[in-house]
Amino acid sequence: MGSTRNTVILSCLVFLAALQGIQAVQYAVTNNAGNSAGGVRFTNEIGIPYSMQTLASATDFIWRLFQQNAPADRKSVQKVTLIIENMDGVAYASNNEIHVSATYIGSYSGDVKTEFTGVLYHEMTHVWQWNGNGQAPGGLIEGIADFVRLKANYAPAHWVKPGQGDRWDQGYDVTARFLDYCNSLRNGFVAELNQKMRNGYTDNFFVELLGKTVDQLWTEYKARYGN
């Protein structure tokens, strides 16, 4: 009896381990910027080991923030690759690859490691978030990514203050601040919104979750902060 029970427990542990193995994410980092100023600064002030650690930490943080506790709740992503390269702009994510500009790293004035970390949290969100099958406003997609950066305490000083901005879906820091307000009305709101965006998108998701239209919420948000 005891032997049978132990066998069952062992089998369960093996099964759980197999599930964990299926969900395990691999990370790779490549510095293609060579001896450029940004490539050298990346090597000296950030480095590949820290980048690998940050990719993993960002993934775990996003899963917790999005309340994606089971593999079935998440995208099926086996590997995420970070590429440092000389290019315009700051960064972008595509096909489970995150590209970060060495030009930006080289010219950034301030704590480049903290800035780099915030950028990775933003871009890693794009790897894991649902986008409503392409139906969600681009400003909302970018706003959710910056919301993650905000909640991870990597919001830079130049971001807008709460209540600022012209439209709720203006994107980035403007929308992130608005989503933070919405999340204060219903803890876990952004996680629930992301979950709803798995198969499509409608502004009515705000009504379903908060009982008010997104325009009503935006008006009340602006009024709260005297804008």
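## Second largest pocket

E3 and H5 each contribute at least two residues to the lining of the second largest pocket; helices (H or I, at least four residues) and strands (E, at least two) are DSSP runs numbered from the N terminus. This is a predicted model, in which local features need pLDDT of at least 70 and side-chain atom pairs count only at pLDDT 80 or more, while totals for chains, interfaces and linings use all residues. Residues are numbered from 1 along each chain as its sequence is written, and side-chain values use heavy atoms, with hydrogens and water left out.

The second largest pocket holds about 170 Å³ of space. On a 1 Å grid over the protein atoms alone, a pocket is an open set of points where a 1.4 Å probe fits, with protein on both sides within 12 Å along at least five of seven lines, and lining residues have an atom within 4 Å of a point. Grid points are joined across faces, edges and corners, and the volume is the space filled by probe spheres set on the points. Among the lining residues are Lys 75, Val 77, Asn 95, His 126 and Ile 141. By class, the lining has four nonpolar, six polar and one charged residues; Ala, Val, Leu, Ile, Met, Phe, Trp, Tyr, Cys and Pro count as nonpolar, Asp, Glu, Lys and Arg as charged, and the others, Gly among them, as polar.

## Largest pocket

About 260 Å³ of space lies in the largest pocket. It is lined by 17 residues, of which Val 90, His 122, Glu 123, Arg 149 and Tyr 172 are the closest to its centre. Strand E3 (91–94), helix H5 (112–128) and helix H6 (138–151) each supply at least two lining residues, and H5 gives the most, with five. The lining comprises nine nonpolar, three polar and five charged residues.

## Nonpolar core and overall fold

The chain has ten helices and four strands.

The largest nonpolar core has 57 residues, and Met 124, Phe 178, Met 197 and Phe 206 touch the most other members. Such a core is a set of buried Ala, Val, Leu, Ile, Met, Phe, Trp, Tyr and Cys residues joined through side-chain atoms within 4.5 Å. H5 gives the most to this core, with seven residues. Leaving aside residues up to four places away in sequence, Phe 178 touches Trp 168, Phe 206, Val 214, Leu 217, Trp 218 and Tyr 221, where contact means heavy atoms within 4.5 Å.

## Helix H3

Helix H3 (residues 48–65) has 18 residues and, at 1.5 Å a residue, should span 26 Å; its end C-alpha atoms are 25 Å apart, which agrees. The expected span is 1.5 Å times one less than the number of residues. Its buried residues include Tyr 50, Leu 55, Phe 61 and Trp 63. Gln 67, which follows H3, has a positive phi near 55°.

## Individual residues

Asn 95 lies in the loop between E3 and strand E4 (97–101). Its phi is near 50°, a positive value in a residue other than glycine. Asn 95 counts as exposed because its relative accessible area is 72%, the cut-off being over 50%.

Tyr 172 is in helix H7 (residues 172–185) and also has a positive phi, of about 50°. At 43% relative accessibility, Tyr 172 is partly exposed, the class between buried and exposed.

Notes:
Buried < 20%, exposed > 50% of the residue type's maximum accessible area, 1.4 Å probe, protein only.
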